[in-house]
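The following note concerns the structure shown below.

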Amino acid sequence: MVEPESTMKPVRLTARGEATRARIVRAAVDVMTVKGVAATTLDDVRAASSTSKSQLYRHYADKDALVQDVIEHQAEDLLTAQGEQLRRLDSVSGLERWRDAIIQRNTLRSRAYGCQLGSLACELSDQNERARSALAGHFETWRGLIADGLRRMRDAGKLRCDADPERLAIGLMGALEGGYLLAQTEGDIKSMRIALDMAIDYIRTLEV
């Protein structure tokens with residue numbers, strides 16, 4: 001997707017400015033996680049970040065600009081948490097370790113079992129095309145990391161030659177996102193583990 005050209009020149013921030021901007025984004029993530037994006041106002045974020053109105057508007061002219069940075073923050077946090085492990089993925093045992101890491105991370109999030117990106121996608125995709133496009137790109141990156149690991153498994157002769165890494169990655173992502181939703185609504189991580197176990201069990205049937 002080609003973004004419209006901006007009429008504003010990028011402003012180089014000082015270290016203090018960077019710190020203020022990061023504080024605003026972290027506060028926005030916290031407030032939007034609790035209240036939802038639609039119900040969150042810039043005044044909510046200003047209060048939560050302990051910034052003045054002039055400071056806030058110096059960094060974010062409107063809520064949409066802030067939402068874009070919230071998406072980027074959440075994507076970076078999630079992909080950093082999973083990226084290193086997925087880049088080493090080369091076996092079903094590796095998939096199980098990835099599953100365990102996801103389960104553990106969500107268990108430690110004080111019962112906040114929703115997906116950082118999935119929750120934003122549910123709320124924004126039908127309302128904000130720019131946000132939908134950004135989220136789709138991050139999901140594609142995430143799915144690509146999984147598919148690359150499955151491709152390494154196939155190329156190493158650990159999966160049958162007719163195994164399709166892209167289709168399997170989509171299936172795993174579907175199980176994961178469905179698991180996030182069930183865990184969030186049930187307040188229990190058990191259903192997420194079952195969904196992921198079933199997806200991994202299917203991939204195990206393709207082992208050579």
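1. Cysteine 161 is exposed, its relative accessible area being 73% (exposed is over 50%, buried under 20%, partly exposed in between; 1.4 Å probe, protein chains only). Cysteine 122 also counts as exposed, at 69% relative accessibility.

2. This is a predicted model, in which local features need pLDDT of at least 70 and side-chain atom pairs count only at pLDDT 80 or more, while totals for chains, interfaces and linings use all residues. Residues are numbered from 1 along each chain as its sequence is written, and side-chain values use heavy atoms, without hydrogens and water.

3. There are zero disulfides in the structure (a disulfide is a pair of cysteine sulfur atoms within 2.5 Å). For cysteine 122, the nearest cysteine sulfur belongs to cysteine 115 and is 8.8 Å away.

4. The largest nonpolar core comprises 57 residues (buried Ala, Val, Leu, Ile, Met, Phe, Trp, Tyr and Cys joined through side-chain atoms within 4.5 Å). Helix H7 (129-155) is one of its contributors and gives the largest share, 10 residues (helices are DSSP runs of H or I, at least four residues, numbered from the N terminus). Among the residues with the most contacts inside this core are Trp98, Trp142 and Leu150. Leucine 150 touches, among others, Leu95, Leu172 and Ile203, not counting residues up to four places away in sequence (contact is heavy atoms within 4.5 Å).

Note on methods: Helix = DSSP H or I, 4+ residues; strand = E, 2+ residues; numbered from the N terminus.
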